[in-house]
Amino acid sequence: MSREVSHCALYADMGTTTTRVWLVDGEDVMARSQAPVGVRDTAREGSPQQLKAALARMISDVGDQAARLSKGTPSHLVAAGMITSPLGLLEVPHVEAPAGIIELAAAAQNCSLPDVTDLPILLIPGVRCGPVRCDISSVGMADVIRGEETLCVGLVKLGLLPPESTLLNLGSHWKAIRLAADGRILSSITSISGELIHAAQTQTILASSVSRERPGAIDEAWMEAGMKEQRQSGLPRALFCVRLLEQRSDGNPEQRLAFLIGAFIAADLDALMTRNMLSDKSGVVIAGPESLASAWQHALARVRISAVTLSEAQLERAFLEGLRSIWMLYKAGSGLTGL
């Protein structure tokens with residue numbers, strides 16, 4: 001293994017609701033830290049100060065963990081995700097699709113954030129699909145991703161995401177990302193279904209009807225009933241049916257949550273198939289919580305689309321591999337010695 005590959009580094013992923021930091025030596029994770037903070041906090045508060053403070057604490061935390069283990073000191077930080085958005089810590093413009101590791105490394109930005117860390121930082125850009133400028137007639141063809149591009153690089157490197165397949169990433173936002181034959185990101189479609197499910201669970205009249213916890217398992221019969229109702233009546237009516245089920249004493253909170261999730265799955269699945277992002281001619285790789293990924297796999301099997309689900313360990317490894325690979329290509333191309 002080369003000296004550069006084994007160099008100790010910090011890696012970070014900032015999302016809408018969660019931020020993660022790793023201290024890594026080559027491919028070995030020395031320490032981890034995670035906090036329930038993300039750019040949604042900036043959107044609510046109008047300031048990124050909470051993000052900066054949380055990231056600084058996590059960096060200090062993994063440093064303390066490494067010190068207790070007598071591990072090395074990191075020389076740089078590589079970060080991706082919503083940290084590079086206007087709601088993050090420093091905006092980095094998207095690159096245009098099709099885009100892969102070469103385009104991402106070329107557009108990555110070296111910066112410093114002394115109120116977060118004294119280390120030099122490399123920020124990975126996201127990817128923009130569709131028209132650069134759009135109006136009400138063309139906005140449906142536009143999309144953006146931040147963070148998933150790095151995951152795609154790592155999954156391709158590890159052989160977990162074949163060319164011309166689709167990655168279905170189920171986080172706060174649900175994203176379908178289509179790869180070209182050369183492994184670059186060709187297009188993507190995003191919905192906020194993850195956030196809407198959480199909002200329905202906690203902030204609407206349905207809060208008393210469903211479990212507020214992330215489901216450990218999703219009842220497939222109830223999920224399919226929710227899919228059927230959405231297709232018959234539309235999403236808003238299908239969601240109100242969850243309330244009716246509670247009033248008529250049918251099902252328990254976990255089953256009614258499965259019905260609700262099924263309604264969202266049907267809405268996104270049908271739209272993605274209409275846009276040819278999902279088809280029986282290419283495979284789908286699903287990333288997300290195990291129960292939700294399994295539910296989507298079941299729904300896809302019903303329309304004869306083969307799909308595989310990835311474990312949290314595989315996804316973590318792939319994301320870190322993406323960060324490492326982009327950084328190494330950036331460093332090789334820039335001739336920098338400070339990173």
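User: Is Leu260 buried or exposed?

Analyst: The model is predicted, so local features need pLDDT of at least 70 and side-chain atom pairs count only at pLDDT 80 or more, while totals for chains, interfaces and linings use all residues. Residues are numbered from 1 along each chain as its sequence is written, and side-chain values use heavy atoms, with hydrogens and water left out. Buried means under 20% relative accessible area, exposed over 50%, and partly exposed in between (1.4 Å probe, protein chains only). Leu260 has a relative accessible area of 0%, and is therefore buried.

User: In which element is the place of Leu260?

Analyst: Helices (H or I, at least four residues) and strands (E, at least two) are DSSP runs, numbered from the N terminus. The place of Leu260 is in helix 8.

User: Which residues does Leu260 touch, not counting residues up to four places away in sequence?

Analyst: Contact means heavy atoms within 4.5 Å. With residues up to four places away in sequence left out, Leu260 touches Ile197, Ala200, Leu206, Val210, Leu239 and Val242.

User: Which residues touch the most other members of the largest nonpolar core?

Analyst: A nonpolar core is a set of buried Ala, Val, Leu, Ile, Met, Phe, Trp, Tyr and Cys residues joined through side-chain atoms within 4.5 Å. The largest one has 41 residues. Those that touch the most other members are Leu260, Ile265, Ile286, Trp296 and Leu300.

User: Which element gives the largest share of this core?

Analyst: Elements that give two or more residues to the core include helix 5 (193-203), helix 8 (253-274) and helix 9 (290-302). The largest share is 11 residues, and the element that gives it is helix 8.

User: How are helix 5 and helix 8 directed to each other?

Analyst: Axes are lines fitted to C-alpha atoms, for helices over the stretch in contact, and angles run from 0 to 180 degrees between N-to-C directions. The axes of helix 5 and helix 8 come within 11 Å and cross at roughly 155°. Angles under 35 degrees count as roughly parallel, over 145 as roughly antiparallel, 65 to 115 as roughly perpendicular and the rest as oblique. Helix 5 and helix 8 are therefore roughly antiparallel.

User: Which residues of helix 8 make the contact with helix 5?

Analyst: From helix 5, the contact uses Ser193, Leu196, Ile197, Ala200 and Gln201. From helix 8 come Leu257, Leu260, Ile261, Phe264 and Asp268.

User: What covers the buried residues of helix 5?

Analyst: The buried residues of helix 5 are Ser193, Gly194, Ile197, Ala200, Gln201 and Thr202. Their cover includes strand 11, strand 12 (185-191) and helix 8.
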